Each structure stands twice: as structure tokens, then as C-alpha cells.
Amino acid sequence: MKLFLILSFFYLLNTSFAYTQQYKPIDTADSTLRKENVLRFDLKTKEYIAFVKEKYTAKYSTKIADDFKGFSKDFVKEINDGSFVFDKKINDYVQDVLTKLRKNYKNIPDNIDILIAKTNSLNAYCLPNNTFVLNMGLFYWLDNEEQFAAVLSHELAHKILEHTTESKKKRIEELSSKKTANELKTVEKIKYGKSDYAFELYKQKLYTTQEEARKHEFEADSLGFEIFKKSSYSQSEFLNALNLMVRYDTIKPKGLKIEIYRKMFDLPNQKFDEKWMLKEDFSSYNYNLFKEKIDKDSISSHPETVDRISRIKKLFPETEIKTENIKSEKFDEISTIAELEIVPNLYNTENYGGAIYTCLLFLQTETKYEEYYKKWLGSCFSKIYEGRKNYKLNRYLDRIDPKEQSESYQQYLSFVWNLRLNEIKEIADFYSK
């Protein structure tokens, strides 16, 4: 849901385009490349399990290994399902940035594999078997190569500090402790209010776990900057990358103008109908009646970005010294690819409703790729038509949720839900041609 709210303001960012209207989305159907990456991932999993068994006693190593084996099966399925991009241009570029970071910081592991996920959000993560996952959205949201290197440095720090494995070990220790055993016995003995007591115990454990995760984020920031500053990149860009995350999380979306609906859906064989824009009135609903049972701030694994920024400024005042940026044409080129992949990424995950909303945002502000996004409108409305026809539209299109959605997105959802089956088909047919 939040992804769609964020997408409603991506047109505020300035991007230079280098591709024609005939841009062809990256192919993820290459079975040979997928098989090669699965084999490498399986090999790295075996190496990681061997490392765990050598470092920890059987009490910990068996559980850590078994859990990661289970995770690996699901992850391999994601690879085989085409969730990752194996594009030589992007992969070579990422390896080049990694080489620059490794040049003056020798503790970075040599056997790192990096996968590019077909995901539009500003995020990255590392797995304990030296596999790093970088979202395609990083190339779109970040301004330059230096900010990208800053994000990569942060994830490298997580790996060097073995945060994932150490956290797992700590959970095993806690679950096998006498304290936990006594707490479970206490729950069993309670006759009345057992569920409330158990829930409070669960919250306490959850908050403690996430407190440790927040500590790890601070540690990764510190070591990540140590890695980053040894490179030739501008130190201030480490801070700028975090500032972008604040903007990503908090900026208020402007959304779609009503004019775009009239422009795109007043068709030769189907005139625009103002009734399509009718919205349900939610103004009388009292949202104060809703009470959170769990404090979301307490369970957040990432500390508030503003706190991270303040901490970095205090520890590393040199991050506030402005220096000249290093221009990277390769980053700019990949950034353009990432922008043009936003809609295909949504489409491939069956977020057809979100893909249509995104097309309209681009069509509202861009003209160079008008035919490209019109083509995607046809493909997405065809899927919406199939969903409505087969009573599966909820799978592809959100229901209106005033508490979580922007007014722009609510208006958009109202528009699509108001369309009749034959009207959806007319739109699909028109743009498919």
C-alpha cells in the first residue's frame, strides 16, 4: 500500500532520459541465467553452513543451519520465478562500485554475489551467505553513484559484523533459557486472562528483539561510513543518501489531477462519464476509535532516519563538508532504466492497479514516453478486465482505505471500481491497439 502512496510523487524528481519510446523491458525469462544463479546461491549456502558449524557449537549451529536451509528454498523459488534481474550492464556496474569500495578496505569479503530485485522501493539487504539484494528502486531514487556506494557500504557493514547470524544465535539462547521456560510455565498455570498475559509477554519479546535490530543499524552506519570514507567518494553523500530516505518516507504526494482522467479516458467509442469520478463519503468515520495494540515505533527495526542522521553528524562531522560530486554516466543510464522498469515491475507482481496509477502519473507529466505508458495501460486494463470478469479483481486492485491511502489514490481506486465490465474492456482494447 505505502508503495503506491510513494509512487504518487516520484515525478517530482528530475531524471534525464536517454532511451527512445521503444524501450524494451528487461527480460527475466532467461532460464540459463536463473539456473546459474541458483547454483551459486546453493554453493554459498553450503559454505555458510560450514562456517556456522565451525564457529558455533552444535546447540546453535544446527538450528541456524536448518533455519537458513528453509529460507534458502523460498529464496531459490524467488529466483526461479523471475523476481531478479540478470542484466550484464547493471551487474558489471555494481561490481565496479564494489571494487572501488574494496580497494582501500580489505575486510570486505571477496566472494560476494549481488542480485538486483525487480522491486521499486528504496531498499537493500544482505543475507548471511554473502548474497546481497539491491532493489532496482535504488537506482531510481538515489541521485548519484556516491549515494549508491553509501547504501552498499551500509549493507557491507552488516555482513562484516555478521549481524544476521549473531541475532539468530541470540534468539536461540533466549528461547532455550530458564527464564523463557519459566515464563511459559507461568502462562500454562494461568486460568483467567491467559491470552492477555501471553500477548503482553509476546510484546515484551518483540520490543527487545527490535531494540537489538536498531542497535545493529547504528553499528552498520558507523562501520559503513568507515568503509565509504576510505574510497574516493564525497563523504557528504553518505549523509545525503540518508536525507533522501527521509524525503522518501515523509514527502506529501501531489497525486493525479482530474484532468488526466478526462484526457486519457475520453475515447472515440466511449465518452468520459463524470459518474466514474464519484467517491464514497468517509468523513463521518471516527478514526480515533482505532487503537494500536502494538507500538509501531517500538517494533521498527530501522531507527528513525533523522536520529541516524543526527548520530552520524555527531560522530563524523566531516560528512557535513560539501565537496564536488563525481559524475557517473553509467549510473545515470541505469537510473533511466530503473525508471522505465517501474511499471513492468508492478505488472510482473500482478499489481495491475498500481501499474495503471503509475502510468497515469507519468502521462500527466511526461510526453517523451507517452506511447510506452499507453501500451502498458492497455496491458494492465486487460488484466483488470479479466479480474473483474472472473470475480478476482480484489487480487489486482486495492479496496479504498481512507486511513492508509492518499486522497489521490482513493480517487483513482473509486474511478476504476466505478467502471463497468464493458467500459473496462473498451479502455483495454483502445490502448492495446
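## Ser222 and its contacts

Ser222 is in contact with Arg311, Leu315 and Phe316, leaving aside its neighbours within four places in sequence. Contact here means heavy atoms within 4.5 Å. Ser222 sits in helix H9, residues 194-229. Helices are DSSP runs of H or I with at least four residues, numbered from the N terminus. Is Ser222 buried or exposed? Ser222 counts as buried, at 18% relative accessibility. Buried means under 20% relative accessible area, exposed means over 50%, and partly exposed lies in between (1.4 Å probe, protein chains only).

This is a predicted model, in which local features need pLDDT of at least 70 and side-chain atom pairs count only at pLDDT 80 or more, while totals for chains, interfaces and linings use all residues. Residues are numbered from 1 along each chain as its sequence is written, and side-chain values use heavy atoms, with hydrogens and water left out.

## Helices H2 and H3

Two packed helices are described by the angle between their axes and the distance between the axes. Helix H2 covers residues 31-55 and helix H3 covers residues 58-80. They pack at an angle of about 170°, with axes 10 Å apart. The axes are lines fitted to C-alpha atoms, for helices over the stretch in contact, and angles run from 0 to 180 degrees between N-to-C directions. H2 and H3 are therefore roughly antiparallel to each other. That label applies to angles over 145 degrees.

Which residues meet? From H2 they include Val38, Phe41 and Ile49. From H3 they include Ile64, Phe68 and Val76. The contact residues divide into 11 nonpolar, 5 polar and 4 charged. Ala, Val, Leu, Ile, Met, Phe, Trp, Tyr, Cys and Pro count as nonpolar; Asp, Glu, Lys and Arg count as charged; the others, Gly among them, count as polar.

## Salt bridges

Side chains of opposite charge can pair when their charged atoms come close. A salt bridge is a side-chain nitrogen of Lys or Arg within 4 Å of a carboxyl oxygen of Asp or Glu. By this rule the count comes to 23.

Lys63, Asp67 and Lys168 are linked in a network of salt bridges. Asp67 pairs with Lys63, with the closest N and O atoms 3.3 Å apart. Both lie in helix H3, 4 residues apart, about one turn of the helix. Asp67 also pairs with Lys168, at 2.3 Å between the closest N and O atoms. Lys168 lies in helix H7 (residues 163-175) and Asp67 in H3, so this pair ties together parts that are 101 residues apart in sequence.

## Nonpolar cores

In soluble globular proteins, nonpolar side chains tend to be buried together. A nonpolar core is a set of buried Ala, Val, Leu, Ile, Met, Phe, Trp, Tyr and Cys residues joined through side-chain atoms within 4.5 Å. The largest core here has 98 residues. Phe139, Phe148, Tyr261, Phe265, Leu360 and Tyr412 touch the most other members. Helix H16 (residues 352-365) gives the most to this core, with 9 residues.

What does Tyr412 contact, leaving aside its neighbours within four places in sequence? The partners of Tyr412 are Tyr261, Gly353, Ile356, Tyr357, Leu360 and Leu397.

Terms used: Helix = DSSP H or I, 4+ residues; strand = E, 2+ residues; numbered from the N terminus. Parallel < 35°, antiparallel > 145°, perpendicular 65-115°, else oblique.
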